[in-house]
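The following paragraphs lead the reader through a predicted model. Please consult the sequence and the structure alongside the text.

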Number of protein chains: 2
Amino acid sequence: MTTNKSYYKNIYNYEHTPNLVLNKNFKLQNGKMLQKANIAYQTYGKLNKEKSNAILICHALTGDQYASGINPITKKKGWWHDMIGKGKVFDTNSYYIICSNVLGGCMGTSGPKSINPLSKTFYGINFPEISIKDMVKLQYELIKFLGIKKLFCVVGGSMGGMQVLEWGINYPEKVKLAIPIATSFRHTAQNIALHEVGRQAIKNDFNWIEGNYIDKKVVPEKGLSAARMVAHITYMSEKSLSTKFGRNKRGFNNISKIFSGNFEVESYLQYQGSSFVKRFDANSYLYLTKSMDRFDLSEKYNGKLESVFKNNTCKWLIISFTSDWLFPTSESRHIVSALNANACKVSFVEIESDRGHDSFLLKVPRLYKILRGFLIGGKLQ
Amino acid sequence: MTTNKSYYKNIYNYEHTPNLVLNKNFKLQNGKMLQKANIAYQTYGKLNKEKSNAILICHALTGDQYASGINPITKKKGWWHDMIGKGKVFDTNSYYIICSNVLGGCMGTSGPKSINPLSKTFYGINFPEISIKDMVKLQYELIKFLGIKKLFCVVGGSMGGMQVLEWGINYPEKVKLAIPIATSFRHTAQNIALHEVGRQAIKNDFNWIEGNYIDKKVVPEKGLSAARMVAHITYMSEKSLSTKFGRNKRGFNNISKIFSGNFEVESYLQYQGSSFVKRFDANSYLYLTKSMDRFDLSEKYNGKLESVFKNNTCKWLIISFTSDWLFPTSESRHIVSALNANACKVSFVEIESDRGHDSFLLKVPRLYKILRGFLIGGKLQ
C-alpha cells in the first residue's frame, strides 16, 4: 500500500496540468453555485486556423486528462495512449485533442478534495452533488475559453460515453460527430447495486471518518481498494478472467495468512485495488459513481428516450461490445432506436470482443478501424 | 445493526438444535485432525422400518439446518419451508428429511466460532481449512449414527449442490438419487474473484482484529454486511433486480447523508447486509467461501471430469436456471456430459426463470414439479 505522504504529494498537487479557473460562479443542475470552479486539462496536436479540428475526449469514472503520453502521477502511459498521437486513430497531425478531468474528479478539476474558496478548507463531503450534465457544462466553458465554436468530435467510453450523450443533446450545434462507446442512457438496478457496494466499502473504512480523512491526513485505502476490486470484476468478462487466470494458483503471501495459498485472480485483484488508491480520491469515487447512478436521459420525458433526440443534428456513432455485461449491447440499442425514431444520422456497431466492458480501453483492432473510418467520413461531409 | 449482546446470545448458544458429537478424531482432507467434531442437524418426518425413506438436504453457503419450520434464530420460515412438509415436494408423510449445518458453519456444527476442546478457546482463524468433501464426510458420520444404510436421495443447490456431487462420487453405494441444483464442479475465476471481494471486505473491517473478534466481544458487521451485499447481487439476475426495483427512489435516510436520496435497490441491499450479520459468523464466511473456491472435482484427474464418474451407480438429476449467471447452465452441461460419457443414469433440466441463481430457493413451479416427479420415479425403481 502507498504511504500517506506520497499519496498527499501526488494527488493534492495541482501544478502538473494546465488549469482554467472560471472568473464567475458556476451554476450546477441542482441550483447550487460553485465559486472559482476550475477545470484541469491536457491538449495534444494543434488547433488549426479555422478552429475546426478539435476533438474532445471524455474520460471514464477512474480516468483523467492524461489520455496520451506519460501520466505524471502514475508514470504510466495515458489510458488512450495507443489511440492518440501522430498517425494514430486520433491523429495529432490532423486533430487538436482536448481531454479534461471531470468535475468532481481528483486530478486538478474542482472536486471533493479541492479547497473551498469561501471556507479555505477542503470540501470533502461538503462538495455539492454534481451530475453528468454539470461535467459537460464545465467542459463547455473550457471549449469557449479555447475559442472553439464547434467541436469536430466528442468521444468517450462508459461514463465518458454518458458525457458524449449530454454534449450531443445539450449542445447539438457545437458538436459535429458524437461517439458514445460502451455506455447507457441510464443505469440499471444492477449497475446501481454494484456501485453501492463500492460506496459502502469506502464509507465502512475506519479511515473514511465521515469523509474528513483529508484533514486527518489519513486515507481510506482499504475501502477504496475493495470498491475498485468489485468494479474491476464488472469491467472484465467471465471469459477474459478465465482466459487470463482460470484457476491458476500462487503460493503463500502476506495478504492471506489463513489459507494455504491463493488463486492468481485474487492476487491480481488485490494489486488492482492497492495500486488504485495511490491515484484516486475516495470521496471523488463516491461523487462520481453517484452521478452515474443518477444519470437518466429519459427521466424528464417520463422514460421516453425518443423525445430526447428530437431534431438532433449531430452525426452519431454508437459502439458496444459483445461481452460487456455492465453496459450490454441492449442498452446501446435503446439509444440507436431513439435516434432512428427521430430520423437522426446514426451508425451503430456491436464489436465482437471477449474482453468485457474494458474493451473500449484495449487494443481492439475493429474499434480502431471503425473510429478511424468514421472520423474520415466526418471530414468529408 | 444488531447489538453485540443479542448477536452473541443468538449464534453462540448451541442448545437450539440436536447435535451429534463424534467420540473419535475426525480426519480432514488436508490430513489435520478435528477433536470432538460435532454436527448440528434437524429432521422432519419419520424414518420407516426399512430405513429406506431418508432424504438428505444439503444447504448453501449461508443456509443452515433449519430448512423447514420456523428458524429459532431468525424467527423466519426455513429456507426450503415451502418445499418440505406434509403433502409438499419433500413430503414428510412419506420421507424422513435430514438437514445438517455444514462443517465450518456457524449454527452449531464445528466451525471457527466453536471452542477448541484442546485449548478451550474459540478456534477463530485457527480452525483448520476444510473442504466440501470434509463437509460430506461429517454428514456421512451423521447418517451412520442415524442407522441409515442408503439414502433415498441427496439434494441441494449451489454449495449444497457441490455437496451432492461429493456424496454421489465418494459414497455412490449410499445414495440412490442425487440432485445437484444450480451448481458447478469447480468455481470459475469470476466466481473466485467475487468471493475474494467479500473476504477482503471482512478482513478490512476494523473489528475483524485478525479473526479474533470473538474474544474481544465485537463483530465485524460492516465488512460482513458488504460481503453479503456483493454476494446478493450475484444471486439475482439483472432482470429480477430491474423488475423488483428498477430506478425507483426513496427519500433521505440515515445511511446516506451525503446525497439527496437513495435508490430502493440501495436500501434493499443495505437491509440484506445488516440483517445477515445477525445470524452469520464472519470467519465462517471466510472458510466456507474458500472451500467453495477450492472445490474442483476434476483437479486430481488433470481437468478430465469424465474420470470422476467412472462406474457411478447413482441416478442423477441435474438442474440449472436460464438466468443464473453465477452458475450458468453451461456449468451444469459439463457435469451432464461427463455423466453421459460414462453411460450413467442422468436427467438434465434447464428451467426457464428470470430470477437468477436464487431460483432454487424460490417458488418456481417447474422446479417443484420436476423434483416431485423425479422422487416418484425413484421410488418405482
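Two strands are taken to pair if DSSP finds at least two bridges between them. In chain A, strand E4 (residues 38–44) and strand E8 (residues 96–100) are joined by 4 bridges and run antiparallel. Tyr41(A) has Ser100(A), in E8(A), as its bridge partner.

This pair belongs to a wider arrangement. In chain A, 8 strands form an open sheet in the order E1-E4-E8-E5-E9-E10-E13-E14, and the pairing is mixed. Strand E1 (19–21) and strand E14 (345–351) of chain A each have a single partner strand and stand at the edges, so one side of each is left without a neighbour in the sheet. On average, and with direction ignored, neighbouring strands of this sheet are turned by 20° against each other.

A helix also packs on the sheet: helix H2 (residues 132–145) of chain A, which touches E1, E4, strand E5 (54–58), E8 and strand E9 (151–157) of chain A. The direction of H2 makes about 55° with that of E4(A).

The second topic is the interface between the chains. Here 38 residues of chain B are in contact with 38 residues of chain A. On the side of chain B that touches chain A, at least two residues each are supplied by helix H4 (189–204), helix H5 (221–235), helix H6 (238–244), helix H7 (264–276) and helix H8 (282–294) of chain B. H4(B) provides the largest share of that side, 10 residues. By residue class, the side of chain B that touches chain A divides into 20 nonpolar, 8 polar and 10 charged residues.

Definitions and conventions
Residues are numbered from 1 along each chain as its sequence is written. Chains are lettered from A and ligands numbered from 1 in the order in which they are written. This is a predicted model: local features need pLDDT of at least 70, side-chain atom pairs count only at pLDDT 80 or more; totals for chains, interfaces and linings use all residues. Axes are lines fitted to C-alpha atoms, for helices over the stretch in contact, and angles run from 0 to 180 degrees between N-to-C directions. Two residues are in contact if their C-beta atoms, placed from the backbone, lie within 7 Å. Ala, Val, Leu, Ile, Met, Phe, Trp, Tyr, Cys and Pro count as nonpolar, Asp, Glu, Lys and Arg as charged, and the others, Gly among them, as polar.
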